Structure formats: structure tokens, C-alpha cells
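Me: I have a structure open and want to go through it with you. Can we start with the terms?

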Amino acid sequence: MATDYAEGNPWQYLWLVPQDVEGLIELLGGEKAFADKLNTFFSLDSGNDEDILLDLTGCIGQYAHGNEPSHHIAYLYAYVGQQWKTARLTRYILKNFYHDQPDGIIGNEDCGQMSAWYIMSSLGFYPVFTASGQYVLGSPLFDKVTINHENGKKFIIEAVDNSPENIYIQDVELNGKKYDLTYITHQDIMQGGKLIIRMGSEPNYDFGSKQMSRPQNRTIGICASKPFIHPGMAQSYEDLEFMRTNVLQGNEPWKTAFNDLKKQTSLNFVPCPIAFVSEDAYGVNSFGGKEFYQSAMAAYKHSLVWYITKDQVYADKAIEILNAWAYKLHSFDANNAKLNVGLWGYYFLNAAEILRYSDAGWSEKDMAQFEKMVLTILYPTIKDFFTEANGNWDASMISTMLCIAVYTDNREIFNKAIDRYLWGPGNSGITKYIYPGGQSQEAIRDWDHAQLGIGEFEKAAQTARTQGIDLYSVAQDRLAYAYELTAKVILGNDIDIYGTLSTSRMDTIKDIYQSIYDYYINVKGIKLPYTKQFIQKHVHPDFSIGTLTGLKYHPVKSRQMMKTLPVLDFLKPTEIGALNAPTRDIPSGSIRVNPGESVQDVIDRHRGSGKCIVLERGVHILKAPLKIYSGITLCGYGKQSVLYLSPEMRTATVINAEDNISNFTLRDVLIEGAINVKENSDPNHDRRLRLYMLAPSREGIIIRSENGGRIENLTFENVTLQNFTKNGMLIVGGSGIKINRCNFTDNGAAVVPGSGFHHNLNLSYVTNGSVTNSRFCSSPWGNGISISFCKKITVSNNEMCRNKLSGIYCVDSENISINNNLTEGNDEDGINIDALYRGCNTVEIQSNLSQNNSRKGIRTNCVTALKQKDNKLLINRSECIN
């Protein structure tokens, strides 16, 4: 009933969530359903309904322009790629609901909102959600409008071929460059410039149709055609001026940081450019690597001192350094070629950006030569990335590539770097490098490299933010969690992680913390207590750059009450897989097996006894596959009890001894598949040896029947299966299979018969199975979970992340329930329901979070009786770029 609502009805209030339009689109069933609902809203006549509120005026269907809750609704079509409908409606409202008579405003002028809508919309845009800083394009009423700013800058909107008939946007230019977005930003306006909108009498259905061209309140906007801001890398013009003003006014900590920087910035520095830079791993056999690094840092320091002091000698020195390398450098080679450009190219480019846009006296000829070096030497070295290395490599290349794109005004390169940040394959990308909860890929290596990796991702986020893109918020502020965890560890606190926590190089402190802390405190209003404590404890003269460039200009600081990062609900290493201790008491009368004794002999002697067989602490080496029987419980002391197939063996580790097997339980055991169980200082080194076709063929657990025997009631709890080149676990046939609180990781490489054949968990022809509270991550060439030709399978509350193929792959199965799972960072889909023959039947996909997958969050093909509900699909590549 309309009388149950104040100044509106259910139709109008349905749309009153401007802060989360994307969420409303999901809630209403997707883009088509959302657009259809809007169509109905603007066409549904209330007729002679006596219950209709009398003060709802200026109606178009259920739309009531006379009351403010409706004012943003016409602009919502742009969020689903139909900006032309927004143009048609807004022009109609401008023409028909306003005139120059005493009753020229069609509704109550509450606080000037009716006029404000007219003024904004007549310019050609309107803020659906003011806090987003975005103005959604409509249909400009005037041929030319100039907005004059207090600082003397002007923003001009010019509508070409504008007329009462030509109401549709054909194309747009911003500051002389093609502009495909259906919104402009507050920053665009405040910087001054010219927006040209070409109008026509027929809709251009392509304008704004692509996902990345639409307004973005909640998700990442890739900004494919948005002109670059200059200077626009680590700092914007406003940031640089903010830094300079605080230094000149003697404010702390800028004053001390600048004094430290100036002491480190010698005008006696002499660049030593090398034509052919070559350097092996860890700086060994370096020819030019050290010189490249030293010049990069010197150029950046001199450019910062120049900007602050305006002392020409510092600009001249920075220019001298850049020119020396621009006219000399020819190529990079050897192990560290890409890493050198990734780590140090960033500083060369930031120095060049400052000099180029600060009247430093750098000649056009020299700038052209530097740009030639950037595009013909630096960029070709890193353009293909190096996903086989640890993730800090690609992170550094992403950061430098963003700077290359900004400096050269190359949107294609910029988007390529953003793409890699969000969806990088292998070891690359934000969700590959930082796991749920904040553990970084290299936390098991050392804290020098762990800080290096998150620091490079943060530098990339800085540059993206300067260009108006928020990478900090990706994957629920994943980068912030990594910083908090890293600071917590180095400050001396205990944490739990997957794998063995490294204590190496914890005395190495990097200048990476100030910028992210500044962002979260002043922009998001979120406290980072460990990061703050770290900054306060580690005040160091060498951290001057981080302080000066990390403290940004914030015209409007967060005024909300300070919050803390939410406590994340993720599968914790204290709960999942083989733990530090058994999860249950060892039954009295159990049979115990010491390392060195034959596990197989003990199992053979006690088969049928119903006894629990306990693997004592230590490594139990198997000279042949361990054969298991019905009625056995095999358990251990968590990760202290290791089953290990002898390194010369090329077979499975655990198999069923007979066709019929039932009532078997395996719990609290770690089963290791690697040839070398001694941890390398670089764990990724050993992983690379397992990736390829000629790697040793080793498999975890295989349960199957050659002659149609009965396989039933098998339970696996708190088992870790890791580093097998074939399947972690393969079960073919059977019923009553239960997998709970297990950790299957890094299984499924490209050994014969090839990639995509082996997975972390592979279930085939299984009936009545449940997979719960477990992790299936980082399969080098397979899926997290593969389900084929199965019935009645429940997959609930699991993590399937960072797999080469999909998180969950299900084909030709029925009665499948996939609920409350996290699938992220997979190189194909988060969840893939597919068909080889007849497809799947009766599939429920509910309340899953699927994000940052390289194809779709959820992909379905040939499914009968599909039920999808309450799934969150965030920043999956195919859903962002189309």
C-alpha cells in the first residue's frame, strides 16, 4: 500500500541504493532483469488507484520527478550498458518538467534539489552516488558551458550537433582524446579541460555498452579510454605541492624526511651507463646492474629535491642521469633482466615524470630519446612478464609497466598491467601472491622477499590510484591484510600460516609502509594498528622517500568513525589439513608404527581387527604403494606424521588392496609428493621442477575398482596431500565418500598424459559424497576439484584458489550442491558446470564468493534444473571485459 510509505511507493524506493547499484543488479537477477525492471518502472501506469499519493508529480510510469528519491533513477540505465535510454529520459525531463513560469518546477523545491538536478543534468551529467566522485553522462541541454574554478582553471562542456532532435550521445572526447566511458570524475572537472560530446538523432547502442565503460560504484573500473593525469605516478600534482608546502613550512615529518633525503642526494654523483646490462640471480656476475640501480635512485632523489627547492642544479643533475642512460642503454640480459627493469625502471620513470611536468629545463630532444629508451628497451624487456618466478617479479613489472603507460600516454600498456594485477596467471596477480587472511606467497621463504612483493603491489596501487583506479580494495582489501600480517610478524608476534613460517631475514626493513597506511587512515577511515606500530618503531633516514611521497594530499579526509579491518572468515591453518597435533585422542589399544618400520606389514597383520593404526611422529618412507583394507583407521600426529613415497618410485602413494573397500578412515596425516622433502630457501624453485612433462610421475591416493567392487564409507579428515605431479586424490566409483578439513595443494602437474589431466581432488562416478571445510589450491595444471559423472555430491565451505584451470569443474553429474565456497584467482573459471555428453542435472550453486578468476566467476553449460542464488561474483575477467 502506498500509504505505508512516506512520500513515495515501493517502486520508487526499490532503486534507492545509489551506493551499491551493482549489488542491486545482482539482487534483481542480473543486468537483463535489472533493465527490464527499469523499463517496467518507467512504463507502469498507476491508473485510478485511489491509494496513490497525491504529491507524486511529474510522473513517467512510476517515476515521480516531483519528489527527490526518484532523481537518480533515469541514470541507472548507464550501469547496465544502455546509456542511450538515460539520454532519452533525461532530455525528456529537462524539456517537459521545467519552464520559466511561476509553477515552472514540477515538485517541491526541497533545499534546492529540483533546481540542482536541472543544473547538473543540463550540463550533461549527474552524480548518482556523490561519494564515488563520478558523474554519469546523460544528454546535455546547452551547446557550450564553461565551469570556472577558483584557481583559474576552466572546464568546458561542448555539445556538437546538439538540437531538440539530437538527444543521443554518439561519441565523446576528453582533452582531445577519444573517451569511451559513460561517466566523468570530479577530478576531471577540477583539473580543468574540455569535454566534447557529439550528439545525434539515433542512439549509438555501442556507447557505454562494454562493462569497463560503465559507472563503477563498487567494482574496479579499468578506464580503457580515460586520459592520463600528469604528473601521475607515485604522486599527482596536488601530492607534489602538498609535499613541497609541508617541507617549506617546516612541518614534521616532512622536514626531517627532506633533510635526510638531501643528505643522500649528492650533486657529485656521476652516472655510469652501460649499453648491455647483464646480471645473474642475487646480483652475481653483474655488469651494469648495480650502476642501473644507483642511477635510478639518484635520478629520483634529485628530481624530488628539485621539485621541493626549485634549485636548478638538482634538476640538471637528474636530467644528466636520465640522458646518460637514454643515449647509451641497448639491452638487458641474464637472469635478472626483467627484475632489474621491474624494480628500478619505476624510479627512472617517476623522476622523468616529475621533470617533464615541472618546467625543469629538460629539452624536447632529450625527452624524446628517453621515451624511445622506455618503449624500445624497458618495455620489451618486461612486456611478457615472468610468471614462473616468485610473484614479486611480476609485481615489480606491473608497477613499472603502469609508469611506462602513464609516461607514454599508452592506455593499452596501462590496461595490460591492470589486467595482470587483477588476473595474472601462475604466480602472478594480487590473489595469487596474497592468500585469504594476508599470508603472502613468500612468507615461507624470507621476509626480505615477502616485503618486496607486497611493496611492489602497493607501488602499483599508488600509481593506479593517482589515475583514479582503486586497486587497494581488490579482494576485500587483500593488500592491507598482507601489510598487517607482515608488520605483525616482523614486530615479533606469532602467527599461523600454511606451510612453515620463515624466520629468515626478519631484520630486513623496507621503506614500503607509509603510503598504504596514509591511504587507509585518510581515505577509507580504517586503522592498520600493526602497520602504524611498525612505522613508529622503524624511523630511519633511508625511509625519507616513503615519507615524502607516501603522505598524500587529501582534499576531503575520511570523517567516519575509524574502523578496523574486519576479522575475515577464511579457512585457517590452525583448522585445516594436518595440524601440529592430532585432532582427536589416540584410542587406547591402538597399534603404533615407528618410522623405519614397515607400515604395510603392520596393516597386513591387523587387517580385519578393527584396530586403529597410528603413525608415530617422523617420516614413514614407503618403498611401494601403501595398500589399505576395509575396517581400518589410519591416523597420525598431524603434520608430525609424514607418509613419503621413496624418491625413486614413480607410482601412487596409497591405494586400495582389494576391489571391495569400506569403512576406512584416514586422518591427521601429511602425505608428501615431492622428491626432495627438504625445504629450499626458494620454495618456488622446487615447484618449478614438478611442473613439466618429464617430472617424476607420482600420485597421492588412488581408490578405484578394476572389477566393479564396492567402495563405500571412506572418510578423510585433517589430511594434507601436497606436491604430487599427478592427482592428489583420485576416487573412481563408490559411495559415502567424506572429505573434511583437508588441505590438498600443489597437486596435478603436466606429466604424461599431459596438462589438465590431474587435479588436487578428482572424483569420478561417485555417489553420495561430501567435500567440506577444505582447501584445494594451487594445482599447477589442473582443477581444484574435478567432479565427473557423479551423483549427490555436496561441496560446501571450501577454498578453491590459484588453480591453473577452474576452482571447481563439474561435468555430466546430477544432484550437485555447491554452497558457501570461495573460488578466487583461478586461471579459468571459479565454478565451471560443463557438458561432455548430456550435461548436468539438478545443480544448486548458492552463497559462493567467486572473484578474480581469469574467465567467469560461475560458468554453466547445458544444465537442467539449475538453481543459483546469493552468489557474489567480483572482478572476474570475462565479466569485466566484454
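Reply: Two strands pair if DSSP finds at least two bridges between them. Strands (E, at least two residues) and helices (H or I, at least four) are DSSP runs, numbered from the N terminus. This is a predicted model, where local features need pLDDT of at least 70, side-chain atom pairs count only at pLDDT 80 or more, and totals for chains, interfaces and linings use all residues. Residues are numbered from 1 along each chain as its sequence is written, and side-chain values use heavy atoms, with hydrogens and water left out.

Me: Which residue in S9 is the bridge partner of Tyr135?
Reply: Ile184.

Me: How many bridges join S4 and S9?
Reply: Three, with strand S4 (residues 134-137) antiparallel to S9.

Me: What is the strand order in that open sheet?
Reply: S3-S4-S9, with antiparallel pairing. Strands S3 (125-126) and S9 (183-185) are the edges, each pairing on one side only.

Me: Now the whole chain. How many helices and strands?
Reply: The chain has 23 helices and 41 strands. Its radius of gyration is 31 Å, close to the 29 Å from the globule rule for 882 residues, so the chain is as compact as a globular protein of that length. The radius is taken over C-alpha atoms, and the rule is 2.2 Å times the number of residues to the power 0.38.

Me: What box do the C-alpha atoms fill?
Reply: Roughly 100 × 85 × 45 Å, along the principal axes.

Me: And what share of the residues counts as buried?
Reply: 58% of the 882 residues, where buried means under 20% relative accessible area (1.4 Å probe, protein chains only).

Technical notes:
Buried < 20%, exposed > 50% of the residue type's maximum accessible area, 1.4 Å probe, protein only.
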